[in-house]
Amino acid sequence: MTHDHLDKLEAQSIFIFREAFHAIDRLAMLWSFGKDSNVMIHLARKAFFGRVPFPLIHCDTELEMDEVYAFRDRYTKEWDVNFISHLCPPIEATDATLPPAARVAARKTLGLKEVIEKYGFTGIVAGIRRDEEATRAKERVFSPRAAEGGWDAKDQPPEFWDQFKTDFAPGTSLRIHPLLHWTELDIWQYIKRENIPIVPLYFARIYGIFEGRNLNGKLMRFRSLGEKGITWPIESSAATLDAIIEELKVTKVSERSGRPMGADEDESSFERLRADGYM
Amino acid sequence: MTKDKKQQLKLVIVGHVDHGKSTLVGRLLHDTHSLPEGKFEAIQASCRKRGMAFEWSFLMDALQAERDQGITIDTTQIWLKTPHRNIVIIDAPGHKEFLKNMITGAAQADAALVLIDAHEGIREQSKRHGYLLHLLGVRQIAVLVNKMDMVKYDEKTFRTIEREYRDYLKSIGIEPTCFIPISAREGDGITAASAHMPWYKGASVVESLDHFSVAAPDEALPLRFSIQDVYKFDERRIIAGRIESGALSVGDTLLFSPTNMQAKVASIEAWPENSKPAQATAGQSIGITLSDQIFVERGHVASHVQGAPMITNQFRARLFWLGKKALEPGKRYKIKLGTNEILAEIKTIEHVIDAETLAQMQADRVERGNVAEVVMRTRGVVAVDDFNANARLGRFVIVQDYDVAGGGIIGMDGFFDQRAAVSPQVKSKNIFDVDFGVTPESRALANGHFGGILWFTGLSGSGKSTLAKQLQKRLFDKGYHVFALDGDNIRKGLNRDLGFSPQDRSENIRRVGETAALFAQAGTIVISSFISPYREDRRRVRAIAPELFHNIYIKASLDACEKRDSKGLYKQARAGKIAEFTGISAPYEAPENPDLIIDTETMSVEHCVNALIKYVEHHLVEPVRNLEMEAADYRGTGI
């Protein structure tokens, strides 16, 4: 029996899910309704034979796109998951020195801290991938956070031979990253293979006036989903899964190009957010 | 290993600090057109902003802290596309402090590039990294002699480094794939032959990458199914885990280790449910149900009956240590072996190895960054393989202060498979009590000695307590489970309702005997020091647990004892202040056939203790070795 690249990634992610479920008493998973977190839910259901045996959290800024909310309403019912929706603190609660887009992200960070505290979660499964961004490339699969949620990129425990950090001092919380080794292309190929539902915003369509901005009737799609006003579609004609996969095989444009937070705005703001606990 | 050009290759780049790893990666990304659009320009702009020349390594070193310090801190991963395959590059830091990150990176690699600075030559970390790659199981290594531009592309310099480093690798058992002279900064030898070095006829770096093969979980090896968890979400009891090697099918009889229980695979469960497979193979994360509801838990390993792993509580390990505190013998550590977590200690450090000179040194501890050969003893038995037979079950990590702080590979040379001896199913001729599957033998194998009662009898002042104390300390220091029972810890609690009448004395001894037997059955060596003057009482104690009882006569004449009279008791007894004092106003019946006589009148205390230790070694420790041998014999007969 030969296993292809996706089989290997799937097996490794299932292994990680089961390690996390075993090691962590109060485990929860972030669900943004984006492509990566939908893949995570699918993998969790494979790992646990049809169910997700821990809650799914959405930190709601009330700024998601309408299609995203529609997707949420449909699949929270259809997948019968234990869903926690948490309203994030207002923008005024965030660090005013951060760029505007980063402040929206900071709301989510604050919201996550609140929800962790409220339910006493000690481990959070998050769908970050190494190929998304250079700082994420440094992450571990089991990544400890100090009690305040901070990430010490300079002093991470070693991680090898699939032996993850499953011992921790009281007060430590963990982030678990089952998709760390996946690439954007892997995600789309897997979505196609496994027939995983996604928000239709990922497919190209004609955009006229969108969220107050004139997009001039261009053919565009969302490569990455985020809040209204800070996330924009990119020019693309990919209207099917196959077209998206073909597009990604040749593109040299970064995945987060539709999201200004990062290199375009301030090269260090992303890292500052991560050090502060942002996913 | 399977050769498949389409498979993604995981590549680690190691070498001494400043020998140009990040620069090489930046150059590789650029020259193979693998960079995202605008990244090159962004780094250019960033360098200009900082007022410095263009720096290739900035592509990798994305964290600000690294830019400020100018060294790579952690392992980053970058995707690279050659015309023939996709490659994930793991850039491992060369700085000694960041060894744990280098190991994190290198342990996942299929192949390695070792960078050596042509100008500086072979340095400490060049050798240490080579050694660690070998320990981590990375067998494919290409050596790149970098910065050739700084030595005017001189062939002699290259050949000298090649000869010296090849000799070093050979001495640790590595046959390098190739040596390539390059200049990462100038782009020589990266994608094609360099015009500066017409004397070099071999492959470029990119060409060499296509020669490497991708490591795959081995289906050809015997089945190893590591149990992660047992789920009961619904009416199914699903045994979940990953197949580390081999394959299993529905209907196969599985042997679980270390419990040695068997059951058939009833089904392979999967979701969505329309896809129930009949077979599963190496690398897959699966779940199965069993035909019999035997006891299975996380950490157990399923195999077929033929080709099972070894069961042992001792093995030799070659390990590297990354802990902030030194690794010390005698201390308890948690080790993780597959999905098994178990307490273990370093029994002995055979030697510490200097990775640079390969010199073997005696040491009483393993310091951070060192490699050592040790003998480990686990608390209870575990299923293992020799690393060379099956790496997945032949390696483990050690946890210190909540973090993985070291890793080791297992060597079973000279150690026996204890399967037969610990088995609840395979009857050993020596097993006299199968009690919930934990036999005296399995306790003995776990502890390194049998339990037993060293019943000291003798006059007051004969030296029972003195010898008991010293013997306890000496046995404890040897790592044995030992406990001394005496009037102090018995009369105050358990027997505080008893006086000194003949009836009460008998009852006192009976209770001490029962207590001692429980300790001994639990695997402890019990030293009891009570005068126990009556033969009948001692006979009754022996009857409680005859196989555990050792009657030891601590012999000294009444005269000698009375002269010693350290507690002044004889004086008081002679004065009639203590009634029924053994030897004075009550009889002492010396044992007729003691198992051992310790004459404290003719021997020094030290001699007496040595004689007792010799007795313990002979009767309680050596039989464990026989048990290991016996287990090996059973293995030889195919059980």
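Hi everyone, let's start at a meeting point in chain B: 6 residues of domain 3 of chain B are in contact with 4 residues of domain 4 of chain B. Here, two residues are in contact if their C-beta atoms, placed from the backbone, lie within 7 Å. On the domain 3 side of chain B that touches domain 4 of chain B, strand S19 (residues 371–384) gives the largest share, 4 residues. By class, that side of domain 3 of chain B has 1 nonpolar, 3 polar and 2 charged residues. For these classes, Ala, Val, Leu, Ile, Met, Phe, Trp, Tyr, Cys and Pro count as nonpolar, Asp, Glu, Lys and Arg as charged, and the others, Gly among them, as polar.

Before going on, a word about the model. It is predicted, and local features need pLDDT of at least 70, side-chain atom pairs count only at pLDDT 80 or more, and totals for chains, interfaces and linings use all residues. Residues are numbered from 1 along each chain as its sequence is written, while chains are lettered from A and ligands numbered from 1 in the order in which they are written.

Where do the domains of chain B run? The assignment gives domain 1 (9–209), domain 2 (224–304), domain 3 (313–415) and domain 4 (443–625); such bounds come from an automatic or database domain assignment. The C-alpha centres of domains 3 and 4 of chain B lie 39 Å apart.

Now chain B as a whole. It has 16 helices and 26 strands, where helices (H or I, at least four residues) and strands (E, at least two) are DSSP runs, numbered from the N terminus. Of the 639 residues in chain B, 47% are buried. Buried means 20 or more other C-beta atoms within 10 Å of a residue's own, exposed means 12 or fewer, and partly exposed is in between, with C-beta atoms placed from the backbone. Among contacts in chain B with a separation of 6 or more, 72% link residues 24 or more positions apart.

Are they buried or exposed? Glu536(B), in helix H13 (residues 535–544) of chain B, counts as exposed because it has 10 C-beta neighbours inside 10 Å. Its C-alpha atom is 9.4 Å from that of Glu589(B), 53 residues apart along the chain. Glu139(A) sits in the loop between strand S4 (123–125) and strand S5 (142–145) of chain A, and Glu139(A) is buried because 25 other C-beta atoms lie within 10 Å. Not counting residues up to four places away in sequence, Glu139(A) touches Ile128(A), Arg130(A), His177(A) and Leu180(A).

Finally, helix packing in chain A. Helix H1 (residues 5–23) and H2(A) pack at about 75°, with axes 9 Å apart. Axes are lines fitted to C-alpha atoms, for helices over the stretch in contact, and angles run from 0 to 180 degrees between N-to-C directions. H1(A) and H2(A) are therefore roughly perpendicular. Angles under 35 degrees count as roughly parallel, over 145 as roughly antiparallel, 65 to 115 as roughly perpendicular and the rest as oblique.

Helix H2 (residues 35–47) also packs with helix H5 (residues 184–194) of chain A, at about 50° with axes 10 Å apart, so H2(A) and H5(A) are oblique to each other. In this contact, Lys35(A), Asp36(A), Val39(A) and His42(A) in H2(A) meet Ile187(A), Tyr190(A), Ile191(A) and Glu194(A) in H5(A). That makes 4 nonpolar, 1 polar and 3 charged residues.
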